[in-house]
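Colleague: I would like to learn how to read a protein model. Could you take me through one, feature by feature?

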Amino acid sequence: MLDLQRLRALHAVSVHGTVGAAAAALGFTPSAVSQQIAKLERETRTVLLEREGRGVRLTDEAWQLVEAAVELLAIVERAETRLEERRGVPSGRLTIAAFASAARGLLPSVLADLAVRHPGLDARLTEVDPHLSVDLVAKGAVDLVVAHDWDIAPLPAPAGVEQAPVGEDLCDLLVPEGHRFAGRTAVRRDELGGERWICQPPGRVCHDWLMRTLRGAGHEPDIVHQADENPTLVALVAAGLGVALIPRLGRGPLPAGVVEVPLDPMPVRRLYALWRTGAARRPAIAETVRTLRAHWPTVAARTSPPRQAAAHA
């Protein structure tokens with residue numbers, strides 16, 4: 001008989017692409033995942049993973065097992081949902097994936113609140129880019145996702161995935177002290193030409209939004225520095241190396257030498273919680289979404305910094 005945990009390990013490798021990434025998502029060591037798959041290979045007398053460069057490739061036989069694993073894991077999820085629903089209280093393990101600034105600025109207080117009020121709930125957080133996290137919840141690799149989109153680039157929800165809005169995060173233009181925009185009460189998007197930009201790498205939601213916005217205003221962006229983390233972007237602005245468009249959530253206090261200037265209209269990114277339709281009745285899902293939405297007003301108020309005094313309009 002096939003072991004469900006070993007099938008779960010193989011499924012995780014198929015979703016995340018590497019043994020290491022699968023192990024991180026499951027909360028195991030890479031060695032443990034490799035051992036699970038090796039045992040599955042012995043049980044099935046089939047080669048499931050083949051070396052490919054520095055990574056691995058699933059064989060055709062492995063993909064057949066992955067298809068079976070998806071069906072089995074869906075059955076298990078439905079059974080667990082029914083049991084939890086009968087108990088009427090959030091319980092069991094709940095895996096959550098969230099983008100970096102939500103993981104830093106929103107989830108800590110939410111997870112702490114859930115731990116106090118629902119000790120039977122084992123909520124576990126993984127930081128994942130929004131482009132990847134929505135696919136992870138659709139494939140059953142995580143239970144709940146906190147993702148975001150921008151006002152000009154809506155977030156598509158795949159078939160079988162439901163979503164609920166959490167809140168709206170505002171975004172400001174950050175410039176070095178002494179910049180031509182410093183002290184302005186607002187800057188129009190058509191005024192942004194000729195700037196040296198600091199932003200996240202291509203493929204990230206914020207990078208894509210910046211490219212679309214500036215090109216829509218008739219400017220070809222001159223991106224001079226790229227970094228994954230918002231604190232790094234802010235540090236580069238503080239050093240006078242360019243300007244950046246950074247959301248408020250998880251940004252933290254601005255250092256000396258950095259001035260916040262609002263854009264007109266102000267960019268907005270919307271936060272969502274997403275989960276699989278089959279788990280919609282699970283109390284842990286409903287309570288976590290409710291807690292996310294309940295905490296958002298406090299988080300949003302905390303991340304709204306006081307405006308600098310206007311020097312000129």
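Modeller: First, a term. Helices (H or I, at least four residues) and strands (E, at least two) are DSSP runs, numbered from the N terminus. Keep in mind that this is a predicted model.

Colleague: Does arginine 45 count as buried or exposed?

Modeller: Read the relative accessibility. Exposed means over 50%. Arginine 45 has 76%, so it counts as exposed.

Colleague: And what about arginine 282? Where is it found?

Modeller: Arginine 282 is in the loop between strand 13 and helix 10, which spans 283-302. Here the cut-off is under 20% for buried. Arginine 282 has 10% relative accessibility and therefore counts as buried.

Colleague: Which residues is arginine 282 in contact with, leaving aside its neighbours within four places in sequence?

Modeller: With those neighbours left aside, its contacts are Thr81, Glu84, Ser91, Gly92, Arg93, Leu94 and Asp143.

Colleague: Now strands. How should I read the two faces of one?

Modeller: Start with the general idea. In a regular strand, side chains alternate between the two faces of the sheet. Take strand 5, residues 144-150. On one side are Leu144, Val146, His148 and Trp150; on the other are Val145, Ala147 and Asp149. These residues are all buried, so both faces are covered.

Colleague: How many residues of strand 5 are buried?

Modeller: Seven of its seven. Next, look at its partners. Strand 3, residues 92-98, runs parallel to strand 5, and three bridges join them. In that pair, alanine 98 stands opposite valine 146. Strand 13, residues 268-276, pairs with strand 5 in the antiparallel sense over seven bridges. There, leucine 144 faces tryptophan 275.

Colleague: I see a proline at position 108. Where is it found?

Modeller: Proline 108 is in helix 6, residues 107-117. At 42% relative accessibility, proline 108 counts as partly exposed. Leaving aside neighbours within four places in sequence, proline 108 is in contact with Ala102 and Ala103. Proline 108 and leucine 125 are 17 residues apart in sequence, and their C-alpha atoms are 9.4 Å apart.

Colleague: Which residue does a cis peptide bond join to proline 265?

Modeller: Aspartate 264. Check omega: for the bond between aspartate 264 and proline 265 it is about 0°. Proline 265 lies in the loop between strand 12 (263-264) and strand 13.

Colleague: What about empty space?

Modeller: Rolling a probe the size of a water molecule over the atoms shows where empty space is left. The largest pocket holds about 870 Å³. It is lined by 36 residues, and the closest to its centre are Arg8, Glu80, Gly140, Asp143 and Arg276.

Colleague: Which helix gives the most to the lining of the largest pocket?

Modeller: Helix 4, with 11 residues. Helix 1, helix 2 and strand 3 are among the elements that each supply at least two. By class, the pocket lining has 15 nonpolar, 10 polar and 11 charged residues.

Colleague: How many cavities of 30 Å³ or more does the structure hold?

Modeller: One. The largest cavity has a volume of about 100 Å³. Its lining includes Trp150, Cys199, Trp209, Leu233 and Ile246. Strand 8, helix 8, helix 9 and strand 10 each give two or more residues to that lining.

Colleague: How does the cavity lining divide by class?

Modeller: Into 10 nonpolar, two polar and no charged residues.

Note on methods: Residues are numbered from 1 along each chain as its sequence is written. This is a predicted model: local features need pLDDT of at least 70, side-chain atom pairs count only at pLDDT 80 or more; totals for chains, interfaces and linings use all residues. Side-chain values use heavy atoms; hydrogens and water are left out. Buried means under 20% relative accessible area, exposed over 50%, partly exposed in between (1.4 Å probe, protein chains only). Two strands pair if DSSP finds at least two bridges between them. On a 1 Å grid over the protein atoms alone, a cavity is a set of points where a 1.4 Å probe fits but cannot get out, and a pocket is an open set with protein on both sides within 12 Å along at least five of seven lines; lining residues have an atom within 4 Å of a point. Grid points are joined across faces, edges and corners, and a volume is the space filled by probe spheres set on the points. Ala, Val, Leu, Ile, Met, Phe, Trp, Tyr, Cys and Pro count as nonpolar, Asp, Glu, Lys and Arg as charged, and the others, Gly among them, as polar. Contact means heavy atoms within 4.5 Å.
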